[in-house]
There are 2 protein chains.
Amino acid sequence: MTATGRKITPLGNRRRDQILRAAEAEFEKYGFEGARIQRIADLAEVPKANVHYYFASKSTLYDAVLSNVVDLWNAALAPIDADADPATVLEDYIRMKVELTRLYPAATRIFAQEMLGGWQHLSEHLKRETRAWTEHLATEIENWIGQGRILPVDPFHLIFVIWATTQHYAESGTQVKSIYRKNSLTRQDHDRLADSLVTMVLRICGLEPVGHGRST
Amino acid sequence: MTATGRKITPLGNRRRDQILRAAEAEFEKYGFEGARIQRIADLAEVPKANVHYYFASKSTLYDAVLSNVVDLWNAALAPIDADADPATVLEDYIRMKVELTRLYPAATRIFAQEMLGGWQHLSEHLKRETRAWTEHLATEIENWIGQGRILPVDPFHLIFVIWATTQHYAESGTQVKSIYRKNSLTRQDHDRLADSLVTMVLRICGLEPVGHGRST
DNA sequence: CAGAGTTCTGACTATTTGGTCAGCTTTTTC
DNA sequence: GAAAAAGCTGACCAAATAGTCAGAACTCTG
């Protein structure tokens, strides 16, 4: 084992990030098993041994990448106002999720693969953090149902709809990218996705769109 | 290369199936990259070389497994009556999809992983067949929207909702399996999932459940 | 029951992989 | 400005992997 009990200097931090970014791209493209340390090193333009200087093992590196993602999402999606009306909360939540997918498509895809792969490569610690991320909203939804503010729905199915459909779009985005060599989807594309998602989710809950959204 | 231009005897066919089943389990658990030919051989209780006698390469084997899945789904989901009412078609479609997930959870999971992985390991031939599988329903949905029979929705988003939510359940099924050592979810569990799904999808389309379904 | 065709397999190879490490260079610290 | 610490890396290794192949063991047919 390497990469333990050592002082981190600013230079070291920069290199670490550089490797982390390369790793993110690699894991997105090939998944955990398919990822190759050598390719990560090449992409980061450092020798392979340098990768192992900062990350003891492939798993450690993967954990570090996922950890970043989870932090990001927790930070952005955490605050839910318990008294706000469901339609607003859901709409805000969805638009934030779509925005995060737009900003960090790679991270989102890795997360999705892990989710469908049964969390096989994640450390217990991160698994717990990840679950917390969904359960927060789920309990809120259950409260709304109990209070008769929305139609009865399985909260986890609903959240999964949000997650999966966003993901579907991130996926077709990758295809668009490789076929048309368009570097990213336009902001309009993402707005349209968010609109479509909001409409679907609100209809499922028997709610009407709140004023501040777009139409169609 | 092996496994070409050779007469297949009944015995050979049985062995081939035996290996195919083992491969399905292995690919489900570990994905394409993570799958190990040796483990497939062990599970099928044949020497590794025997696997290569029937399947030239890992890719060939994977293609064979996926091909089975696609055939299965095309056979079960193909017939859509163009004049039937949308609610019935959608409900039947969903219940059939859930049923297939119940009967072939492994196949479903492999398919899902491939879908989210961007179809990286599939031959062009199978990619086309697979796309056809969704586009059939998608055009039907678009017709309904054009005729004002259902509310406007992105057909692919809707199909993805069906697919993803079923998948979510197949996934939590795997977890249930490994935690409680319950071999499979009960029929009731699946009925509940189907009910929940039907309700969500119909609400999205602005439709009411048709008589022959269950309630709640 | 003999010969042809098919099925099977142990032993092997070439390659790739994650990971190590001794010693080098650079940066920081006092 | 020298000692200490951190950063870096080429060369290496053990293990694992997909795939090969020569020939033995079956099974089917006439």
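Where in chain A does E45(A) lie? E45(A) sits in the loop between α2 (37-44) and α3 (48-54) of chain A, where helices (H or I, at least four residues) and strands (E, at least two) are DSSP runs numbered from the N terminus. This is a predicted model, in which local features need pLDDT of at least 70, side-chain atom pairs count only at pLDDT 80 or more, and totals for chains, interfaces and linings use all residues. Residues are numbered from 1 along each chain as its sequence is written, while chains are lettered from A and ligands numbered from 1 in the order in which they are written.

Although E45(A) is not a glycine, its phi is positive, about 60 degrees. E45(A) counts as exposed because it has 10 C-beta neighbours inside 10 Å; the cut-offs, with C-beta atoms placed from the backbone, are 12 or fewer other C-beta atoms within 10 Å for exposed, 20 or more for buried, and partly exposed in between. In chain B, E45(B) likewise has a positive phi of about 60 degrees without being a glycine.

Chain A can be laid on chain B with an RMSD of 0.0 Å by a turn of 180 degrees and a shift of 0.0 Å along the axis (least squares on the C-alpha atoms of residues with pLDDT of at least 70 in both copies). The two copies are thus related as by a two-fold rotation axis.

The contact takes 23 residues from chain A and 23 residues from chain B, residues being in contact if their C-beta atoms, placed from the backbone, lie within 7 Å. On the side of chain A that touches chain B, the largest share, 8 residues, comes from α8(A).

Methods: Contact = placed C-beta atoms within 7 Å.
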